[in-house]
Amino acid sequence: MNVGPVTRPLAIALDFGGTKVEAALVDDHGTVIAASRHRRPTGPTATSDELEQAVSEVVLAARAAIPDGTPFVGTGIGSAGPIAVADGTVSPLNVPAWRDYPLASLIAALVPDAPVVLRIDGVCIALAEHWIGAGRGAHNLLGMIVSTGVGGGLVLGDRTVPSPTGNAGHIGHIEVAGFDDPCACGGRGCLEAVASGPRTVAWARARGFEGTTGEDLAAAHAAGDPVALAAVERAGTAIGRAAASASSLLDLDVVAIGGGFSRVSPALFEHARAALAERVVFGFVTRTRIEPSALSDEGPLVGAAALVHRPELVS
């Protein structure tokens, strides 16, 4: 389906995660062309063939929507990690069918004769927030995704951080003090194991909560359910402690947080800010702002498009 007249240069943006894959056209102002958005499910039970088909369908649908004569600058890919930039491969922790899968090569075959740039999804959210979102005007920021997993990426000195494998900033697998939850990566107390949507729901269910989704937990939290209140406080505290540790290391201006589970309740951010504020002696840490994404669910797509629209930001 052609989206109609568009005069600004366009990129295909692909966001691959543990629940869904989505593609869309994004212009050079960071505007997502709504009519070009297409998504398919992914998930832990999907086979490699099913994942390939899902990716191919959304990318080809976005490509078909490019109006005739419109400048096309390339395809940006944001993927859950870990990834290997040099090889163009992805091994998303929550998608076991893909280990060292050549995602960049798949996209290059579908959209030839234009650049294809792959980065971890956390880098894409950081780029999006720095470009047009909650981190606009900040020079040093951490972008976080709190969803099926927890990802992250860094922009320091107005550029993404150089990284041999492309996984710098993956804060989801920083171990957080005070927690001992086992993580699929092999660590204990990783932020993802504590504060991701599925793990927070699982923690609540082990204490009598009967819901099964982040949406159920959000509704219960809004209704004042004590287990849901405790679950969101726990997740928010872990996020805030991780953000404080990151800022202690990197002297951050902003931590911008998006992803589906980040919207479980505004209280998640209140608890995160309270945990960061405990670093009372370090003013350079407590000055760090923890902000919700200004881009709703478009952030990963905007950031993926920035990989090709704003190459001067990408190390």
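Glycine 149 is buried in this predicted model, with a relative accessible area of 16%. The cut-off for buried is under 20%, so the value of 16% for glycine 149 falls on the buried side. Glycine 149 sits in the loop that joins β8 (141–146) to β9 (150–156). Leaving aside residues up to four places away in sequence, glycine 149 touches Asn94, Glu192 and Ser196. Histidine 173 is 24 residues from glycine 149 along the chain, and the C-alpha atoms of the two are separated by 9.8 Å.

Most residues other than glycine have a negative phi, and most peptide bonds are trans. Aspartate 113 has a positive phi of about 65° although it is not a glycine, and for aspartate 251 phi is near 60°, again a positive value.

A cis peptide bond runs from glycine 81 to proline 82, with omega near 5°. Proline 82 belongs to the loop between β4 and β5 (83–84).

The interior comes next. In soluble globular proteins, nonpolar side chains tend to be buried together. Here the largest nonpolar core holds 58 residues, and Leu14, Val55 and Leu103 have the most contacts inside it. Elements giving two or more residues to this core are the strands β1 (10–16), β2 (20–27), β7 (116–120) and β11 (254–258), together with the helices α1 (48–64), α2 (103–110), α3 (121–132) and α10 (299–309). Helix α10 supplies the largest share of this core, seven residues.

Leucine 14 touches Val21, Glu22, Ala23, Val55, Val58, Val59, Gly76, Ile77, Gly78, Ile107 and Ala304, with residues up to four places away in sequence not counted. A second, separate core has 39 residues, including Val176, Ala195, Val232 and Ala235.

How many of the residues of α10 are buried? The count is 11 of the 11, so α10 is largely enclosed by the rest of the structure. The buried residues run from Gly299 through Pro300, Leu301, Val302, Gly303, Ala304, Ala305, Ala306, Leu307 and Val308 to His309. Among the elements that cover them are β1, β2, β4 (72–79), β7 and α3. Ala304, one of the buried residues of α10, is also touched by leucine 14.

Elsewhere, helix α5 (residues 197–205) packs against helix α7 (residues 226–250) at an angle of about 140°, and their axes are 9 Å apart. That angle makes α5 oblique to α7, because only angles over 145 degrees count as roughly antiparallel. The crossing of these two helices is right-handed. On the α5 side the contact is made by Thr200, Trp203 and Ala204, and on the α7 side by Val227, Ala230, Ala231, Arg234 and Ala235. By class, the contact has six nonpolar residues, one polar and one charged. Ala235 of α7 takes part in this contact and is also included in the second core.

Note on methods
Residues numbered from 1 in each chain as written. Predicted model: local features only at pLDDT ≥ 70, side-chain atom pairs only at ≥ 80, totals over all residues. Heavy atoms only, no water. Core = buried A, V, L, I, M, F, W, Y, C linked by side-chain atoms within 4.5 Å. Buried < 20%, exposed > 50% of the residue type's maximum accessible area, 1.4 Å probe, protein only. Helix = DSSP H or I, 4+ residues; strand = E, 2+ residues; numbered from the N terminus. Contact = heavy atoms within 4.5 Å. Axes fitted to C-alpha atoms, helices over the stretch in contact; angles between N-to-C directions. Parallel < 35°, antiparallel > 145°, perpendicular 65-115°, else oblique. Left-handed = near helix turned anticlockwise from the far one by under 90°. Nonpolar A, V, L, I, M, F, W, Y, C, P; charged D, E, K, R; others polar.
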